[in-house]
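I opened my notebook to look up a few things in one protein model. These are my entries, in the order I made them.

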Amino acid sequence: MRERTSTVPEGEDSRLREEVEVSPMAAAQDSNEISYLLPPNRKDWEEQGVPDFVYQQKELLEGIQWPRTAPSLRDRTPGSRFDSALCAAWRQRMELGLFRYRLGELQTQTLPGVVGFVAQLNVERGVQRRRPQNIRSVKQAFDPEQFNFNKIRPGEVLFRLLRQPDLPGALQQEDILVMINVSPLEWGHVLLVPEPTRGLPQRLLPGALRAGVEAVLLSSHPGFRVGFNSLGGLASVNHLHLHGYYLAHRLPVEGSPSEPLDPGGRLHLLRALPAPGFLFYTSGPGPDLEALVDRVCRATDYLTDHEIAHNLFVTRGAPPGKTSPSSALTGIRVILWARKSSFGVKEGEAFNVALCELAGHLPIKTSQDFGSLTEAAALALIRDCLLPPAQAEEVQAALVALIAQDEQ
């Protein structure tokens, strides 16, 4: 019988989460006898080194959908090799006390209204997470004296994520360390950190984004998402990293309708709540994914160079156009929001607006706010972080011009 350490109410979503909760023994067997677990003696943790999780393109999964009934998913679709390795290693680190708190049962509710906000009470994260660094610019340089991911404790790294080239002479995916977020906002919350010894500032790079998109494709759970916060977009550490986590709930941005902004349909605009954003879409692995990574990073480079903070969210989702919340998840949606810069955490707010909040997932800090928060209040907090209309139109025109360069 599987041990349950996590945290959604009983029902379809809790059973769905069980799909990615596997035993350590199963993880070792599913990983070609590579164990991503720490040895019993803590003195051996550093000497063990970081195990490699090597994957091939054929492991990138397409067509993963939310189930109509959870038992049918459980019967047909066990967790992928990636899910097995990540969840078994993550659970072991939780049991060993490597997190700042033990993730208990998170009360979860869908706020009444048209958006479908998923609100979760996470008091410990609000109280115990590391204080944000002193950041004053979206372009701020990396400072080795500040906390960075070269200073983490032994045992926090789960594995190195490596893509195996499928063709002779193909470029090797750069090394990505997958490590625990010691202040988790949900089950399996990890950080994807490209070669931390390089001391890269928190500015999105193609190799990091490609790894994030492929991590979503490696998971057989439709609720595994990846995201990025820029400096000024509530990134608390100025060292290049992306977030990845499981959330066993649909989110509004998966199926929000969109309209094309360029004749080639390479850039779309999500007008729907909770916030307007730029949509990039790929149907799956291959050249189209590479083109998406290039377009997104050109867009984030523009925003960074112009001191415009931004957040990014990667999720399985419906193709652009007239979609609906129940539309099939036929590909990958990458949503980019340009927003006002905000440096530091605002005390007293029900939540701080970053990648997951803009996507419709609201980690709430206090029981009082969790019980009283309304959709209107949540939208007001989010709206306060968005660019004024004139600047938003200017950014949209600039990104459309950038994408138009593809046709030249």
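Is Phe 149 buried or exposed? I looked it up: Phe 149 is buried, because its relative accessible area is 7%. Buried means under 20% relative accessible area, exposed means over 50%, and partly exposed lies in between, with a 1.4 Å probe and protein chains only.

**Ground rules.** The model is predicted, so I noted that local features need pLDDT of at least 70 and side-chain atom pairs count only at pLDDT 80 or more, while totals for chains, interfaces and linings use all residues. Residues are numbered from 1 along each chain as its sequence is written, and side-chain values use heavy atoms, with hydrogens and water left out.

**Aromatic pairs.** I stayed with Phe 149. Phe 149 and Phe 147 form an edge-to-face aromatic pair, with 5.9 Å from centre to centre and 85° between the planes. Rings of Phe, Tyr and Trp (its six-membered ring) pair if their centres lie within 6.5 Å; planes under 30 degrees apart are stacked, over 60 edge-to-face, and the rest tilted.

How many aromatic pairs does the structure hold? I noted ten. One is Phe 53 with Phe 82: their ring centres are 6.0 Å apart and their planes stand at 80°, so this pair is edge-to-face. Phe 53 lies in strand E1 (residues 52-55) and Phe 82 in helix H5 (residues 81-95), so the pair ties together parts 29 residues apart in sequence. Helices (H or I, at least four residues) and strands (E, at least two) are DSSP runs, numbered from the N terminus. Both Phe 53 and Phe 82 are buried. I also found them in one aromatic cluster with Tyr 36, Phe 159, Phe 224 and Tyr 246.

**The sheet of eleven strands.** Next I traced an open sheet. Its order is E1-E4-E5-E6-E8-E7-E12-E13-E11-E10-E9, and the pairing is mixed. Two strands pair if DSSP finds at least two bridges between them. E1 and strand E9 (258-260) are at the edges with a single partner strand each, so one side of each has no neighbour in the sheet. The twist averages 25° from one strand to the next. For such angles, axes are lines fitted to C-alpha atoms (for helices, over the stretch in contact), and the angles run from 0 to 180 degrees between N-to-C directions.

I picked out strand E7 (residues 224-229). Six of its six residues are buried. On one side I listed Phe 224, Val 226 and Phe 228; on the other, Arg 225, Gly 227 and Asn 229. In a regular strand the side chains alternate between the two faces of the sheet.

Which strands pair with E7? Strand E8 (residues 242-246) does, antiparallel over four bridges. Here Val 226 stands opposite Gly 244. Strand E12 (residues 309-317) also runs antiparallel to E7, and four bridges join them. There Phe 228 stands opposite Leu 312.

I checked one more pairing. Strand E11 (residues 277-282) and strand E13 (residues 331-339) are antiparallel over five bridges. Phe 278 faces Leu 336 in E13.

**The sheet of three strands.** Another open sheet has the order E2-E3-E14, again with mixed pairing. Strand E2 (108-110) and strand E14 (361-364) are the edge strands, each pairing on one side only. The twist here averages 20° from one strand to the next. Strand E3 (residues 118-121) and E14 pair in the parallel sense over four bridges. Leu 121 has Ile 364 in E14 as its bridge partner.

I then looked up Glu 105, in the loop between H5 and E2. Glu 105 is exposed, because its relative accessible area is 62%. Its C-alpha atom is 9.1 Å from that of Leu 121, 16 residues apart along the chain.

Of its 24 lining residues, the closest to its centre are Val 50, Ile 152, Pro 154, Val 157 and Leu 177. On a 1 Å grid over the protein atoms alone, a pocket is an open set of points with protein on both sides within 12 Å along at least five of seven lines; a cavity is a set where a 1.4 Å probe fits but cannot get out; lining residues have an atom within 4 Å of a point.
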